[in-house]
Amino acid sequence: MPKNSKVVKRDLDDEVIESVKDLLSNEDSSDDAFKKSELMVEDPEEKDVDVEEGSDVEDERPAWNSKLQYILAQVGFSVGLGNVWRFPYLCQKNGGGAYLVPYLILLLIIGIPLFFLELAVGQRIRRGSIGVWNYISPKLGGIGFASCVVCFFVALYYNVIIGWSLFYFSQSFQHPLPWDQCPLVKNASHTFVEPECEKSSATTYYWYREALNISSSLSESGGLNWKMTICLLAAWVMVCLAMIKGIQSSGKIMYFSSLFPYVVLLCFLIRGLLLNGSVDGIRHMFTPKLEIMLEPKVWREAATQVFFALGLGFGGVIAFSSYNKRDNNCHFDAVLVSFINFFTSVLATLVVFAVLGFKANIINEKCVTQNSEKILKLLKMGNLSQDMIPHHINFSSITAEDYNLVYDIIQKVKEEQFDSLGLKSCQIEDELDKAVQGTGLAFIAFTEAMTHFPASPFWSVMFFLMLVNLGLGSMFGTIEGIITPIVDTFKVRKEILTVICCLVAFFIGLIFVQRSGNYFVTMFDDYSATLPLLIVVILENIAVIRIYGIDKFMEDLKDMLGFSPSQYYYYMWKYVSPFVLLCLLVASIVQMGLSPPGYNAWIEDTAMEEFHSYPTWGMIVCISLMVLAILPVPIVFMVRRCNLIDDSSGSLASVSYKRGRIIKEPVNLEGDNTSLIHGKSPSEVPSPNFGKNIYRKQTGSPTLDTAPNGRYGIGYLMADMPDMPESDL
């Protein structure tokens, strides 16, 4: 560099500053639009500036401490309770090992491509869900608001499940476990087993009566359950403390909350494989039923599971990726996290069915013992002949195989009178065929199996601590999907917003800790997220592929990744994924229309669940949840379409100053309005920053140059960002 280059540069800078001063002094007083625009030369030391890629100046946006922390955050968000108690149920219900085939196909068709898309737009634009879709098209800004509403609805009831897990965790530090035996009731004359427990089981009774103290219907509130209220408060305090500093506080917790569940699952798998009957459970699990795989319902449920397992549409994926550097390999991240999620589901399925196989074996042994006693009584009474019993059968130590042999003989000989004998077929497969999911799996079936473990309190503590960590990992991403877009858009302090959000959610969440709260959890789970999220992701796909342009998006990916992504994604995004999503949306609407809206109520007298239809006000709530979740999309579209928002500072024109000249450019309200000057294409325009005015200093030669991320590197460049809320840009 010549010795006098600094002097020349200083003179050039002074000349440009003088030209700006001349513009200010010669301002036309009749130009209202110009008067309203704000022109200021920002301090070079200002933190919130748009900087050249590779410069020493960094913007204020937080960043992940390491790539591992980011991957753990995405894994923690995508791997949740559904991997433990939903995927095994679907696998069992839809053909065992054969279910993995449609799941993997749909993971490749809609899962990985759409997950990659969300990671890419978040990393490219570096904003939350509201800012991202506002940047692509202000008319579609409602997509981000819809994601926030859905996240809030889900967070309301998801944290209740964490509260339930905290309650069971707190009750696990005792031996025997409190749900091991039915409680005894004493009166003046004698002691007897609690009738409700005797009709069901110890774990079922504990769940419905001791934990939830559930009412008999949705309309019967029954008041607050104080135990669950305290647990819900504890859950929200944990979430608030972890999220109050954003990723800088939650990121550190991810090392434990994301990794600990894998430690527990591996421990349970090793312990489960050593239990009697575990191999029967795993064999039953992965025995393929190929005929079931051809049913459309299997593919619909597999697509829904792929969709929700990766957290698509919630905004959490976009929020987490927005804290990445622009040159991060988000394609690798998308594939890695997707397959970690899949293998976690398979691992959880192995654990669940190893334990359920053990439980089924215990129940089968009880069945064999009880029915063998019945056969002995029938032999003594003369109802059965001793001649039909094989000589090698010893009823004092009869095996399941010997019992089934005797059962088949009696059934053939006493064909007409067999039903009156009251004998049952004791097949371990029959017990394993009883499909259990959700809370029924975690808080009833699994807890019952753990009561038979040696050192059962230890395993119970580990299991429910795992559920708490799985839930918290998903909650962090869900809350980030609310906090990040609002902070980016409205410029509020993250700490204050986090506290307010958690307080409001706790008080609204009190409806879930009434005695009827479990029914509200079912309602929110069924209606608050499914359809709205499908619509959100379809609109996301349209926004990127049609509005922004798939060719420009592919160029952006090439700039970020350093290589061109496979054309596979081009065709998936443009044709296959939208078609599959539309089919899934139609199938979900049809399924919702065919299934009577209702819930399973626990009836105390019969100690059984009974299906109840929602009352009229309940149906109104269900419909309102879906409408409120998707309502921001048409509202924002109409507001933008009809120009109902009056942006007083430069919304009608883009004003650019370059080397003392004023360039006034009309804003293209219909298309992408992010280009600043010279018709710059959106793929070449940098993601916006918070400030109204952007100054870029000359860093190289005065010739026009485009940086790798599409930024101009010439002179001073200032632009008043057009037709978009200040905070979004």
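The model is predicted. Its chain holds 29 helices and seven strands, and buried residues account for 57% of its 729 residues. Of the contacts between residues at least 6 apart in sequence, 78% join residues at least 24 apart.

- As background, nonpolar side chains tend to be buried together in soluble globular proteins.

**Helix α8 against helix α29**

- Two packed helices are described by the angle between their axes and the distance between the axes.
- Helix α8 spans residues 142-170 and helix α29 spans residues 632-641; they pack at an angle of about 155°, and their axes are 7 Å apart.
- That angle makes α8 roughly antiparallel to α29.
- The crossing of α8 with α29 is right-handed.
- On the α8 side the contact is formed by Gly142, Ile143, Phe145, Ala146 and Val149, and on the α29 side by Pro632, Val633 and Val636.
- By class, this contact of α8 with α29 has seven nonpolar residues, one polar and no charged ones.

**Helix α6 against helix α26**

- Now for a second pair: helix α6 (residues 100-125) and helix α26 (residues 530-561) have axes that come within 10 Å and cross at roughly 65°.
- The two helices, α6 and α26, are therefore roughly perpendicular to each other.
- Their crossing, α6 with α26, is left-handed.
- From α6, the residues taking part are Leu114, Phe116, Leu117, Glu118, Ala120, Val121, Gln123 and Arg124.
- They meet Val537, Glu540, Asn541, Val544, Phe553, Asp556, Leu557, Met560 and Leu561 in α26.
- The contact of α6 with α26 divides into 11 nonpolar, two polar and four charged residues.

- Ser78 sits in helix α3, which covers residues 67-78.
- With a relative accessible area of 5%, Ser78 is buried.
- Not counting residues up to four places away in sequence, Ser78 touches Asn83, Ala309, Leu310, Val337 and Asn341.
- Thr229 belongs to helix α11, residues 226-243, and counts as buried at 15% relative accessibility.
- Leaving out residues up to four places away in sequence, Thr229 touches Leu224, Phe506, Leu510 and Val513.
- Thr229 and Ile511 are 282 residues apart along the chain, yet their C-alpha atoms are separated by 9.8 Å.
- Pro261 is found in helix α13, residues 260-273, and is buried at 3% relative accessibility.
- Beyond its neighbours within four places in sequence, Pro261 is in contact with Phe256, Met466, Asn469 and Leu470.
- The C-alpha atoms of Pro261 and Leu465 are separated by 8.3 Å, although these residues are 204 apart along the chain.

**Backbone details to look out for**

- Most residues other than glycine have a negative phi, and most peptide bonds are trans.
- A cis peptide bond joins His175 and Pro176, with omega about -5°.
- Pro176 lies in the loop between α8 and β1, the latter covering 184-186.
- Ala455 is not a glycine, but it has a positive phi of about 55°.
- You can find Ala455 in the loop between α22 (438-450) and α23 (456-490), where Ala455 is exposed, with a relative accessible area of 51%.
- Lys491 is not a glycine either, and its phi is positive, at about 55°.
- The loop that holds Lys491 runs between α23 and α24 (494-508), and Lys491 is partly exposed, with a relative accessible area of 44%.

Technical notes
Residues are numbered from 1 along each chain as its sequence is written. This is a predicted model: local features need pLDDT of at least 70, side-chain atom pairs count only at pLDDT 80 or more; totals for chains, interfaces and linings use all residues. Side-chain values use heavy atoms; hydrogens and water are left out. Axes are lines fitted to C-alpha atoms, for helices over the stretch in contact, and angles run from 0 to 180 degrees between N-to-C directions. Helices (H or I, at least four residues) and strands (E, at least two) are DSSP runs, numbered from the N terminus. Angles under 35 degrees count as roughly parallel, over 145 as roughly antiparallel, 65 to 115 as roughly perpendicular and the rest as oblique. A crossing is left-handed if the near helix is turned anticlockwise from the far one by less than a right angle, and right-handed if clockwise. Contact means heavy atoms within 4.5 Å. Ala, Val, Leu, Ile, Met, Phe, Trp, Tyr, Cys and Pro count as nonpolar, Asp, Glu, Lys and Arg as charged, and the others, Gly among them, as polar. Buried means under 20% relative accessible area, exposed over 50%, partly exposed in between (1.4 Å probe, protein chains only).
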